[in-house]
Amino acid sequence: MTVVRRCALMAPMLLLCTATACSPPVPGEPVPAAGFRDEPTTSSAGQTNVTSPRDAAGIDPCTLLTPQDLAALGGPVGPPHPDQPVPGACSHALTSGPENAAAAGFYDPLRVVAERQPRGVAVEVEGRSAWLYCELVDAHQTCTAATELGPDRSLLTMLTLRDASAADTTDHLFGLTTAALHRLPKS
């Protein structure tokens with residue numbers, strides 16, 4: 001498979017191909033860490049668990065993660081980057097290492113994300129169905145979580161860290177996901 005095709009396949013997985021070079025995926029499954037429950041109350045991403053819809057209307061995705069949320073990861077460096085890594089999201093470069101980044105925003109429905117990332121796992125975040133996917137690319141562990149907000153939208157959180165394990169990355173990602181979720185008003 002060529003690098004161009006590999007990057008095209010990874011784009012839906014929200015890996016930052018422009019920030020990190022592409023390499024073959026590492027075999028194995030993501031490891032849900034602290035906070036992510038790996039036994040959701042539903043058996044698939046097609047049937048979801050939404051305790052109460054969250055309203056994302058009018059919310060600036062760059063406000064979903066604060067410098068305090070990112071402090072455990074070294075804190076942000078420079079201004080946030082709207083519409084990165086995808087439209088509707090906002091990424092923050094981290095001081096903890098070159099090309100380390102965190103992002104949050106709004107994305108496709110959970111069922112669509114699960115179809116694009118068949119090697120991910122169904123998990124829960126505060127009683128909400130979510131889809132967790134991790135992949136190691138050139139020493140950067142990148143994990144994404146799509147947490148259901150309603151039938152047509154999910155909260156996307158992403159974290160990429162150099163020389164980190166999937167378990168450590170998902171542990172930090174759970175904290176970011178929870179913080180971003182709490183910033184959304186209930187419908």
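Predicted model: local features only at pLDDT ≥ 70, side-chain atom pairs only at ≥ 80, totals over all residues.
Arg-162 is partly exposed, having a relative accessible area of 42%, whereas Asp-163, with a relative accessibility of 62%, counts as exposed.

The structure holds 3 salt bridges, and side chains of opposite charge can in general pair when their charged atoms come close. Another of these contacts brings together the side chains of Arg-183 and Asp-69, with an N to O distance of 2.7 Å. This pair links distant parts of the chain, for Arg-183 belongs to the segment after helix H4 (166-182) while Asp-69 belongs to helix H2 (residues 67-70), and 114 residues separate the two. Arg-183 has a relative accessibility of 31% and therefore counts as partly exposed, because that class covers values between the 20% limit for buried residues and the 50% limit for exposed ones. A salt bridge is also found between the side chains of Asp-108 and Arg-116, where the N to O distance is 2.6 Å. Both partners are again partly exposed, Asp-108 at 26% relative accessibility and Arg-116 with a relative accessible area of 34%.

The chain as a whole contains 4 helices and 7 strands, which follow one another along the sequence in the pattern α-α-β-β-β-α-β-β-β-β-α. When contacts between residues at least 6 apart in sequence are considered, 61% of them join residues at least 24 apart.

Within this arrangement, strand S3 (residues 101-107) is largely enclosed by the rest of the structure, because 7 of its 7 residues are buried. Strand S3 pairs with strand S2 (residues 89-93) in the antiparallel sense over 5 bridges, and as part of the description of this strand, Ala-102 in S3 is the bridge partner of His-92. Strand S3 is also joined to strand S7 (residues 153-162) by 7 bridges, and these two strands likewise run antiparallel. Here, Gly-105 stands opposite Leu-156 in S7.

Two further backbone features occur in loops. A cis peptide bond, with omega of about 5 degrees, joins Gln-84 and Pro-85, and Pro-85 lies in the loop that runs between strand S1 (81-82) and S2. In the loop between strand S5 (128-137) and strand S6 (140-150) lies Ala-139, whose phi is near 70 degrees, a positive value in a residue other than glycine.

Conventions
Residues numbered from 1 in each chain as written. Heavy atoms only, no water. Contact = heavy atoms within 4.5 Å. Buried < 20%, exposed > 50% of the residue type's maximum accessible area, 1.4 Å probe, protein only. Pairing = 2+ DSSP bridges. Salt bridge = Lys/Arg side-chain N within 4 Å of Asp/Glu carboxyl O.
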